[in-house]
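User: I would like to learn how to read pockets and annotated sites in a model. Please take me through them step by step.

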Amino acid sequence: MPRPITAIIHPAAVRHNLERVRQAVPDAKLWSVVKANAYGHGIENVFEGLRATDGFAMLDLDEAQRVRALGWRGPILLLEGVFEPRDLELCSRLSIWHAVHCSEQIDWLAAHKTQVGHRVFLKMNSGMNRLGFTPERFRAAYARLNALPQVDEISFMTHFSDADVEHGLDRQLAVFHQTTQDLPGERSIGNSAATLLRGTDAQVRCDWVRPGIVLYGSSPDFPAHDIAHWDLQPTMTLRSKIIGTQELHAGDTVGYGSLFQAEGVMRLGVVACGYADGYPRHCPTGTPVLVDGQRTRSLGRVSMDMMAVDLSHLPQAGLGSEVTLWGRASNGTVLPVDEVAAAAGTLGYELMCAVAPRVAKVVDGAEK
Ligand SMILES: *Cc1c(COP(=O)(O)O)cnc(C)c1O
């Protein structure tokens, strides 16, 4: 029998979360962001849940091909555009839209021999200073693109640096709309946080929104609001079992570094889950864990293949008991990935993307 750890993917929850985004911005089109293999879930595992989307957005041509191979005939967008000129051939062949964020990408298009008109999203650097043309250079880039016979349709995009805080997008929003105001074409600016927090504002939702993390059951502004507040459901459950137990007495310590010391008699369970499975080593004693669907806490340092949890108040728990590291327990209790991430000083994004290859991903059969 393999080690009893799995990542269970819940396509029905993905479908629910997509529907939530739809309700938040009913008159916008949705790019479902499936980069990083659908935030660690596996594109093939979430595809059914995302069928009601208007398009799929990602970074890798390889992932775009996988979405086409699943039978998706609708729009696909490469959010960083192409990485080298020959990528344009696949874009032509598979009808993949692509961002254009630098002048070299325009040069490549100008030299590209194709019968197929390309659809591009011209990207503005409105203040984040990652990818895109600055507002000063944006209109010249537009004019160049617009003169190319290879280009059929030009849309506009930018990305926010502070969408999760009040007024965090005001400055970038103003720059983007001023610079593009009289240019014809569709617009896309909102990620998950902008969509849920500010999507009622037509200037924010524009023609297309680009939700990622909300589709995967993580709150875009945790800890201000949790997934229950946004009516989102966990889409990934990291599930394992208790594979050993120990009785502790006052003064006994747990794990590497002896970081936890018992103050009295207690019982611990050893879970088949460690940092080599993608569980963060930075989680301190006290990180929430569900055993048999009941909340308890981790004890001591997370090691490579194991970690310890407190069973003192769970007398029924023992060898073989179900452990939910994040997601939904069999009894329905939810432990949001955001809570575990916060304990490790990071975000749900990082935890879900970091689940290790040795952890089998299984699609929740009851939900398909
Ligand atoms: C990743 C990404 C998104 C989605 O962001 P979330 O915070 O996960 O909603 C949107 N747009 C671009 C350009 C991205 O790279």
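User: Which residues line the second largest pocket?

Analyst: A lining residue is one with an atom within 4 Å of a point of the pocket. In this predicted model, the lining of the second largest pocket consists of V254, G255, Y256, L268, V270, L299, R301, S303, M306, M307 and A308. Two elements, β13 (266–271) and β16, each give two or more residues to that lining.

User: What is the volume of the second largest pocket, and how does its lining divide by class?

Analyst: The space in it comes to about 170 Å³. Eight of the lining residues are nonpolar, two are polar and one is charged.

User: What volume does the largest pocket have, and which residues are closest to its centre?

Analyst: Its volume is about 840 Å³. The lining has 38 residues, and K35, Y39, H159, N191 and Y349 are the closest to the centre. By class, 20 of the lining residues are nonpolar, nine are polar and nine are charged.

User: Which helices and domains supply the lining of the largest pocket?

Analyst: At least two residues come from each of α2 (35–39), α9 (192–198), α12 (337–343) and α13 (348–353). Domain 1 (11–223) and domain 2 (236–367) each contribute at least three residues to the lining of the largest pocket.

User: Which residues does the UniProt annotation "binding site" cover?

Analyst: An annotation of this kind may be inferred rather than shown by experiment. Here the unreviewed UniProt entry places "binding site" on R130 and M304. These positions are spread over 175 residues of sequence and also spread in space, with up to 34.7 Å between C-alpha atoms. From this set, R130 is part of the lining of the largest cavity.

User: Where is R130 found, and why does it count as exposed?

Analyst: R130 sits in the loop between β6 (118–123) and α7 (135–146). Exposed means over 50% relative accessible area. R130 has 57% relative accessibility, so it counts as exposed. With neighbours within four places in sequence left aside, R130 is in contact with N125 and H159. H159 is also one of the residues closest to the centre of the largest pocket.

User: Where is M304 found, and what is its relative accessible area?

Analyst: M304 lies in the loop between β15 (294–299) and β16 (307–310). Its relative accessible area is 44%, and M304 is therefore partly exposed. Leaving out neighbours within four places in sequence, M304 has contacts with G274, Y275, A276, D277 and R358.

Key:
Residues numbered from 1 in each chain as written. Predicted model: local features only at pLDDT ≥ 70, side-chain atom pairs only at ≥ 80, totals over all residues. Heavy atoms only, no water. 1 Å grid on protein atoms, 1.4 Å probe; cavity = no way out; pocket = protein on both sides within 12 Å on 5 of 7 lines; lining within 4 Å. Helix = DSSP H or I, 4+ residues; strand = E, 2+ residues; numbered from the N terminus. Buried < 20%, exposed > 50% of the residue type's maximum accessible area, 1.4 Å probe, protein only. Contact = heavy atoms within 4.5 Å. Points joined across faces, edges and corners; volume = space filled by probe spheres on them. Nonpolar A, V, L, I, M, F, W, Y, C, P; charged D, E, K, R; others polar. Domains from an automatic or database assignment.
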